[in-house]
Amino acid sequence: MSLDDTGAPVHVPSNVRRIVSLVPSLTESVAATVPEALAGATDWCSHPADLDVVRVRGTKNPDLDAILRLAPDVVLANAEENRQPDIDALREAGIAVWVTRIETVEEAFRSLDRMFRHACRTARPEWLDRAESVWAEPVEVRRTAIIPIWRRPWMVVGRDTFTGDVLGRLGVRNLYAGHAERYPKIALAELVERGADLVVLPDEPYAFSAGDGPESFPGHRCVLVSGRDLTWYGPSLVDARDRLLRALG
C-alpha cells in the first residue's frame, strides 16, 4: 500500500501489466517508459503521435464503463485535470487510482519518480534524470508576463501553477502569481493596462495563434509558445526549456 500525491492510500499489485492514463502528460510519460503496459488513454492524449491504445473519452468526462472493461491494474489521474467524482467512482468499482498533484517543476520530478516506482512498478526512467538536470540551471528573473489561457472570457494563469513556475525558472515573473485564484477571469482592459513586458500565448487549452490573440494587446510583445512545452510534465521537459527560452527571446 502506497500513498499518492493527495495522501490517498492506493493498493497497486506488484506486477503491473495494464495502465490507463487520464492525463496527457502522464500518458506520454508511460508511453516513453513502459509502452507495453499502456492499455488506454483519453482523446486528448496526443503524444506520442503514433499512440495506439483504446480511447476512453476526455479528461473531464471519461468513459468509466470503457475503463472498467479494460481491467487496468492502475489508473493514472491528476488532481487538477480530472474530476473527483470520476476518481471516486473508479475506486468504488475496485480500481486502483493513482492521483498526482503537480504545481511546480520540482514537484513534477518528485511526483513522476514516485508514480513510476509505486504506481507503475518500474524503475525511474533515464529521461527523467535528463530533464531534472536540464532544469537545474537557474535563470535570473528579469521580465514580467501575463499568460492568458482562454478568451471569451479572458482567463489567465494565477497562483500556484506549474506554468507559472516554469516561466519563473526561465526568468519571467507571472504578474498574476499573487491572485487569490489559480486561473482568474480578468477583463481585457485590465490585462492591457498591467504593462507586462510579455504576453505569453500558448496554443492550449485555447489555441492562440498569430491571428488570434496578439491583436488584443496592441503595443505589447506577444510570444506564441507550445502549450505542451509550457504545461506538460513528462519527456517533453527534456527539450522544453531550450525551446521556451528561444521563443521568449
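Let's start at helix 9, where Leu 237, Val 238, Ala 240, Arg 241, Leu 244 and Leu 248 are buried. Here, buried means under 20% relative accessible area, exposed means over 50%, and partly exposed is in between (1.4 Å probe, protein chains only). Helices (H or I, at least four residues) and strands (E, at least two) are DSSP runs, numbered from the N terminus. Before going on, note that this is a predicted model, in which local features need pLDDT of at least 70, side-chain atom pairs count only at pLDDT 80 or more, and totals for chains, interfaces and linings use all residues. Residues are numbered from 1 along each chain as its sequence is written, and side-chain values use heavy atoms, with hydrogens and water left out.

Just after the helix, Gly 249 takes a positive phi of about 75°.

Now find strand 12 (residues 198–202). Since 5 of its 5 residues are buried, this strand is largely enclosed by the rest of the structure. Leu 198, Val 200 and Pro 202 point one way, while Val 199 and Leu 201 point the other way. What about its neighbours? Strand 8 (residues 143–146) pairs with strand 12 in the parallel sense over 2 bridges; two strands pair if DSSP finds at least two bridges between them. In that pairing, Ile 146 stands opposite Val 199. Strand 13 (residues 222–225) also runs parallel to strand 12, joined by 4 bridges, and Leu 224 in strand 13 is the bridge partner of Leu 201.

Another cis bond runs from His 47 to Pro 48, with omega near 0°. Pro 48 sits in the loop between strand 4 (38–41) and strand 5 (54–55).

Ala 71 has a positive phi of about 50° although it is not a glycine, and lies in the loop between helix 2 (64–70) and strand 6 (74–78). Asp 160, also not a glycine, has a positive phi near 50°, and is found in the loop between strand 10 (155–156) and helix 6 (162–168).

Zooming out, the protein chain has 9 helices and 13 strands, and buried residues make up 51% of its 249 residues.
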